[in-house]
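Reader: I am new to this and would like to learn how to read a structure. Could you walk me through one?

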Amino acid sequence: MKGTSEMDINSDKIQQIVQQVLSEMSGAAPKAAAPKASGPIPKTSRAAMLTKLEHYDIKEFPIPELGDDDILVKVEGCGVCGTDAHEFKRDPFGLIPVVLGHEGTGEIVKMGKNVKKDSAGKDLKVGDKVVTCMIFKDNPDITMFDLNKQNVGGADVYGLLPDDEVHLNGWFSDYIIVREGSTVFNVSDLDLDSRILIEPCAVLIHAVERAKTTGILRFNSRVVVQGCGPIGLICIAVLRTMGIENITAVDGEQKRLDFALQMGATKTVNFKDHKGIEALAGAVEASFGGYLADFAFQCTGSPVAHANIYKFIR
């Protein structure tokens, strides 16, 4: 392997970081969609590897020989999760060196001889567009139908795998190796933007399904969604698919709150309009006609918000 470039980057400029990494790997400004894979498979692949806090190296690794149950995917795009930002700034999981990126998608360019179908039983072939996330090592017999019924332990996540002899373990790379025992889904009928949203949408569907098991979250529940970034907005949309209509969105940016109304929230509360948590809790209560919420979803990365959300529920 060899280092082809180095970047020391300000931790407050995540968007610029992404643009710079993509420019380094493509030699040009990032495009809206990647072209269809064509031509021979190269012998090496570049990857944006986090080698120390707030520092990426663009490295080049040999593409290893595939096992009979492995899949080689040419990366077409990947979202940037808050977890990527936390790992970039603080490495809370102790993963460095690591190739990040777990909200990715791409095109199959090579498959092991045993690979026939995806995790849902749909046929797979070279040229199909796929998403993947987890490798189930401790419980390899788990199926997609188990995932909403339990929290999954003992699973590795692509983009959060410590570096090993494969190296191509995250979506911030040209190619990724999908190993035996992984979840993989054929999503060839979706465009690139939609495919990149699958992983965050899956997170929220899982969260809401788990919430339903409490017996508290019902179609007539009063629900608070705190934080109207992508995760909070998707949460609101998933709640509406359940028939829940009494949703109050809480955020400090009016544009996000307006978007929350478009996604299905019925009321909004801008925390900048209220001084102190008691006043904010009072505004949430007023949005429900004088009642506190039955259930709340905390969708921010703020420790203060985490601590205060209990004030919104009865």
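Predicted model: local features only at pLDDT ≥ 70, side-chain atom pairs only at ≥ 80, totals over all residues.

Reader: Thanks! How many helices and strands are there in the chain?

Author: Helices (H or I, at least four residues) and strands (E, at least two) are DSSP runs, numbered from the N terminus. Here the chain has 8 helices and 14 strands.

Reader: What percentage of the residues count as buried?

Author: Buried means under 20% relative accessible area, exposed over 50%, and partly exposed in between, using a 1.4 Å probe and protein chains only. In this chain of 314 residues, 43% are buried.

Reader: And how do I read contacts in the chain?

Author: A contact means heavy atoms within 4.5 Å. Among contacts in the chain with a separation of 6 or more, 64% are between residues 24 or more positions apart.

Reader: Now the helix pairs. At what angle do α5 and α6 pack?

Author: Axes are lines fitted to C-alpha atoms, for helices over the stretch in contact, and angles run from 0 to 180 degrees between N-to-C directions. Helix α5 (residues 230-241) packs with helix α6 (residues 254-263) at an angle of about 20 degrees, their axes 9 Å apart. That makes α5 roughly parallel to α6, as angles under 35 degrees count as roughly parallel, over 145 as roughly antiparallel, 65 to 115 as roughly perpendicular and the rest as oblique.

Reader: Which residues meet there, in α5 and α6?

Author: From α5 come Leu233, Ile236, Ala237 and Arg240, which meet Arg256, Phe259, Ala260 and Met263 in α6. By class, this contact of α5 with α6 has 6 nonpolar, no polar and 2 charged residues. For these classes, Ala, Val, Leu, Ile, Met, Phe, Trp, Tyr, Cys and Pro count as nonpolar, Asp, Glu, Lys and Arg as charged, and the others, Gly among them, as polar.

Reader: At what angle do the axes of α4 and α5 cross?

Author: The axes of helix α4 (residues 198-212) and α5 cross at roughly 55 degrees and come within 9 Å. The two helices, α4 and α5, are therefore oblique to each other. Pro200, Cys201, Leu204, Ile205 and Val208 in α4 meet Ile231, Ile234, Cys235, Val238 and Leu239 in α5. The residues of this contact of α4 with α5 are 10 nonpolar, no polar and no charged.

Reader: Is tyrosine 310 buried or exposed?

Author: Tyrosine 310 counts as exposed, at 60% relative accessibility. This tyrosine 310 is in the segment after α8 (303-308).

Reader: What about the backbone: which residues does a cis peptide bond join?

Author: A cis peptide bond joins isoleucine 96 and proline 97, with omega about 5 degrees. Proline 97 lies in the loop between α2 (82-90) and β5 (98-99). Aspartate 91, also placed in the loop between α2 and β5, has a positive phi of about 50 degrees although it is not a glycine.

Terms used:
Residues numbered from 1 in each chain as written. Heavy atoms only, no water.
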